[in-house]
Amino acid sequence: MTRRHFDKRFAELVAQIPEDEYDVGKLFELFRTYSASVAPDYGIEYIYIQMLAPGPDHSSMQQSLASDIYRSGYPGECDEKMYHFSIGNGGYADVYVGVRKGVVWTPEQQQDITTFIKTQYLFNGRVEAMRQLDRVMFTDQITHVLNQAGLYKSMGAKMASGGLAGYCSNFINIRNMKLFNEKYTEQGGNALLMGFAQRIARYIGDDGAFARLGGDNFLALIESSREEALISFLGNLWVDLTDRSGSTTKVKMEVRAGYYHAGPGDQVSDVMNNASIALQFARRDVNEPIKEFHNNMKTQFFRIKQLEENVPAALGREEFVVYYQPKADISDREHFVLCGAEALVRWMQDGNLIPPMQFIPALEKNGLVAQLDFYVLEHVCRNIKAWKEAGLQPVPVSVNFSRRHLKNENIVENIMAVVNRYGIEPSLLEIEITESYDIDDMDVLSRFERKMHEYGIKVAVDDFGSGFSSIRLIKNIVTDTIKLDKSIVDGIGEDREDDIIISHIIHMVRALGKEVLAEGVEKTEQADFLRENDCNTIQGYLYAKPMPREAFEESLKNRS
Ligand code: C2E
Ligand code: CA
Ligand code: CA
């Protein structure tokens, strides 16, 4: 037998394994077969291999493998030879070969054996290289959990052994990652991602899978029975962040997630997509940041996708309807008085009313929201004109404008073109713009507001108090009205400290000469508190819900 012969035989065996099925266990199995076919020619009765590799901390050696490669079962005595190889990663392999007593190798055989053992060494090197390749190909470099390729590999293995039923997939997104990066620098942000990912990966363990898909998006696969526990785990997740000086801050990681319990026959793509669709809905619902997938989400999701492609047509078909939510003056406790309204859009699809939060964020992303806002403005102007012509006395109506258009050069002129076309008095209109904590935006807003003022149209800051730097920015706000967000109003009467803060906000705003309106007022006690604190305008279910145009006209009639 020659050296070439060994190499060839081994190469043939390795070639039998398809490239994508290389795994350490399989290769060892193969190697056993190979060894068993070689050993008897040389009087070898057993081969035992022991491999040691540096541990994760690089200081101590750990046994990574110890096993019989071959054992003939021969009961007699053997001479044992030991071959020592370095594997190249700081680890080594010791191969123990038992040769039947009395067997003497010719110099040629001796050479053959060395070659044979060397193949073991080469083979082990190859396995190790594969492991390292695995690490690079299937591991995310920032968090050291699986990457997308790794996730597909792991899910593929689960598909091959019984499918994904019984697992629950979670599409997880970190809230405020952008702010973390700004606050802690990119390096700190990466450390947070790492801490976050490691904690969840450890929680999930080996039965499931956890991967970073890119940015601050992750996918977790866990046994369905553990899903509820995972949700509460995600709801209270803190990560330690250590800075260069060694001091540690605890950072609360808030997530939004969509999850899906896989059923029989589900493919990898179902499990990924359904969780991702549920996340889209979770992103838009502050009250329920972790949402389970339902089939009707899919229908809606595709409708919204279609809509995105088709907004002009949907606008043309007048599928959007404008609702009006009355605003009330509550100075008189016994008698609330209609004093304005907000125009709120709904999308009418096959007889269903779809609420704005389910399609506006998508339209904001691609800039189509501008068309929608102008559509609403147009309808409001048309309605006000009609009310006047019918002899009714309209109240001022506010129209929502997405912040996105404020940067548009001609925004004010475009608004005024609509207003003038219908001959609407500017005092009957107000524009609502959502609060932002971005200072750059404040500049844009202040320019917008100044120009609108020249034309006599008021501007309100919407959702005040929902972003976290608002209090600091109160003095920078240039608008006429501040709409206190529902989340602030909800706190009234719940907590004494909250009450003090709310009353301060109201008084500060009033001291700056601005109007305050409280949104989402649902309880009499809230209205009483607001009145006592000099906030006399409200909008909320306590007074009225948003209603179709016809119903709102009735309120206008009762007023006149
Ligand atoms: P928003 O401007 O903050 O509008 C107030 C939302 O709170 C409305 O939801 C309203 O129905 C709801 N609401 C009012 N009072 C109460 C209450 O007492 N309790 C509760 N639970 N909710 C109350 P809606 O109509 O679903 O609108 C959601 C958001 O969609 C609006 O929030 C606004 O940001 C956006 N939106 C609506 N119409 C338009 C539009 O024409 N253009 C743009 N850009 N955004 C719009
Ligand atoms: Ca609004
Ligand atoms: Ca609001």
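**Note on a sheet and a calcium site**

1. Helix H5 (residues 177-204) lies across E5, E6, E7 and strand E10 (255-261), and runs at about 15 degrees to E7. Helices (H or I, at least four residues) and strands (E, at least two) are DSSP runs numbered from the N terminus; contact means heavy atoms within 4.5 Å; and axes are lines fitted to C-alpha atoms, for helices over the stretch in contact, with angles from 0 to 180 degrees between N-to-C directions.

2. This is a predicted model, in which local features need pLDDT of at least 70 and side-chain atom pairs count only at pLDDT 80 or more, while totals for chains, interfaces and linings use all residues. Residues are numbered from 1 along each chain as its sequence is written, chains are lettered from A and ligands numbered from 1 in the order in which they are written, and side-chain values use heavy atoms, without hydrogens and water.

3. The open sheet has 5 strands in the order E6-E7-E5-E10-E11, with mixed pairing (two strands pair if DSSP finds at least two bridges between them). Strands E6 (209-214) and E11 (290-292) each have a single partner strand, so one side of each is left without a neighbour in the sheet. Strands E5 (residues 167-174) and E7 (residues 217-223) pair in the antiparallel sense over 7 bridges, and Phe171 has Leu219 in E7 as its bridge partner.

4. Asp462 bridges the calcium ion (ligand 3) and the calcium ion (ligand 2), which lie 4.1 Å apart. Asp463 lies in strand E17 (residues 458-464) and Glu519 in strand E19 (residues 515-519), so this pair ties together parts that are 56 residues apart in sequence.

Notes:
Donors are N, O and S atoms within 2.8 Å of the metal (3.2 Å for Na, K and Ca); water is not among the atoms, so sites may look incomplete.
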